[in-house]
Amino acid sequence: MSKMLSKRIERLDYPIRKYNALARSLEEKGEKVIYLNVGDPLKYDFRTPRELIEEVYHAMMEGHNYYASSEGVRELQEAISFKEKTWNDVEIEPRNVLVTSGVSEGINALFAALVNEGDKIVIPDPSYPLYISFADFYNARKVFYPALEDQGWIPDTDKLRSLLDKGTKFLVLNNPHNPTGAVYPARIIKEILDIAAENDIPVVSDEIYDALVFDGEFVSAAKVASPDNIIIDLNGFSKTFLATGWRLGYIYLKGPEEKIMQIRSGILNFLMTRLSAVTPMQVALARFARKSPHHLEELKRRLNERRLYTYKRLNEIPGFHMPVAPHGAFYAFPRVDLRMSDEEFAKELLVQEKVFVVYGSGFGEKGRNHVRLVFLPPIELLDEAFKRIERFMRKNLNA
């Protein structure tokens with residue numbers, strides 16, 4: 001890499017988009033690429049609710065086109081507090097809500113505010129890649145706690161307990177889980193929170209897929225937390241409100257007041273450097289989030305149909321194994337048996353069959369020999385993708 005660039009930037013890696021340039025080059029040659037790599041419903045046949053789009057128009061016409069406060073528009077902070085109470089039975093103070101430009105910025109702000117070089121953070125294995133990348137970017141010490149694949153990717157709490165100590169800066173909990181689609185039972189979440197409280201460790205709970213649960217029940221970490229727990233919750237509007245390109249997320253804090261105020265201050269110091277999230281989108285979502293989410297029922301119905309079809313078809317393909325269907329979000333994370341690495345598999349599948357999936361090792365060591373794919377496309381497109389994958393597997397299994 002050029003000597004002009006920082007060593008820090010060399011540490012960043014985002015496997016989900018790593019082969020975008022290759023996919024584009026194939027399309028420029030006239031190939032039809034099926035994208036199963038990015039979790040964006042709007043790239044397929046889902047649409048942002050019309051009422052929400054109209055709210056943005058009204059907000060703009062009313063003159064809400066200025067810089068907002070760095071912590072967010074007050075009305076949106078209040079609407080998020082209302083949403084968390086009505087959706088997840090969690091009581092939070094609006095002043096403890098910080099609006100971010102997507103959860104991605106929230107993760108960056110969290111690391112920037114809390115992590116010094118060499119600090120220990122404990123994250124799931126497999127894990128959403130930004131937790132890995134930002135840990136590397138800020139030169140933190142990553143410690144992974146494993147999930148148990150044969151039990152539906154539920155965290156191994158005994159192993160987790162052995163990894164935590166009072167020197168741990170924070171623990172990451174991701175539920176519903178990306179990339180596996182696991183949904184954690186309340187008893188598992190409570191056990192993890194109790195372990196964290198024993199060591200006075202903040203819990204970062206990423207709950208962006210909270211309303212997209214098909215089997216079981218979503219339980220927010222803040223709902224079952226003890227008064228001693230420090231909860232840093234990450235959530236947003238991209239997935240459940242079908243507004244991915246609007247880039248609006250939020251952080252809320254719950255726990256002992258003196259501790260969460262310190263964390264709030266640190267995160268806000270970072271957020272002030274980018275001024276504010278987009279104002280008219282905030283105003284629109286403040287109004288829309290207080291209404292009944294009528295679009296969710298149809299969204300979940302369509303996703304569930306595609307989820308069940310994906311689970312069935314993947315287990316019919318030679319060399320693919322997925323013992324438990326994903327319970328939430330919109331990802332499948334099957335194991336793949338081939339005489340090549342999972343990254344080689346993903347690249348060759350794209351080159352040979354024009355199907356774009358993400359290699360599992362990009363999500364951590366437990367992801368090795370797996371791939372992540374979305375079940376967002378219509379079933380006809382999923383069917384075409386699975387036919388191509390099956391053709392690739394049969395050809396390479398017999399090679």
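Q: In the loop between which strands does Arg-247 lie?
A: This is a predicted model, in which local features need pLDDT of at least 70, side-chain atom pairs count only at pLDDT 80 or more, and totals for chains, interfaces and linings use all residues. Residues are numbered from 1 along each chain as its sequence is written, and side-chain values use heavy atoms, without hydrogens and water. Strands (E, at least two residues) and helices (H or I, at least four) are DSSP runs numbered from the N terminus. Arg-247 sits in the loop between E8 and E9.

Q: What is the relative accessible area of Arg-247?
A: Buried means under 20% relative accessible area, exposed over 50%, and partly exposed in between, with a 1.4 Å probe and protein chains only. Arg-247 is partly exposed, because its value is 33%.

Q: Which residues is Arg-247 in contact with, leaving aside its neighbours within four places in sequence?
A: Contact means heavy atoms within 4.5 Å. The C-alpha atom of Arg-247 is 7.9 Å from that of Phe-237, 10 residues apart along the chain. With those neighbours left aside, Arg-247 touches Thr-100, Ser-101, Gly-102, Val-103, Ser-104 and Ser-238.

Q: Which residue in E9 stands opposite Val-97?
A: Two strands pair if DSSP finds at least two bridges between them. E2 (residues 97-100) and E9 (residues 249-254) pair in the antiparallel sense over four bridges. Opposite Val-97 is Tyr-252.

Q: Which residues of E2 are buried on its two faces?
A: In a regular strand, side chains alternate between the two faces of the sheet. Both faces of E2 are covered. The buried residues are Val-97 and Val-99 on one side, Leu-98 and Thr-100 on the other.

Q: Which are the edge strands of the open sheet?
A: Eight strands form this sheet with mixed pairing, in the order E2-E9-E8-E7-E6-E3-E4-E5. An edge strand here pairs on one side only. The edges are E2 and E5 (154-155).

Q: What angle does the direction of helix H5 make with that of E8?
A: Axes are lines fitted to C-alpha atoms, for helices over the stretch in contact, and angles run from 0 to 180 degrees between N-to-C directions. H5 (residues 102-114) packs on the sheet, touching E2, E3, E6, E7, E8 and E9. Its direction makes an angle with that of E8 of about 155°.
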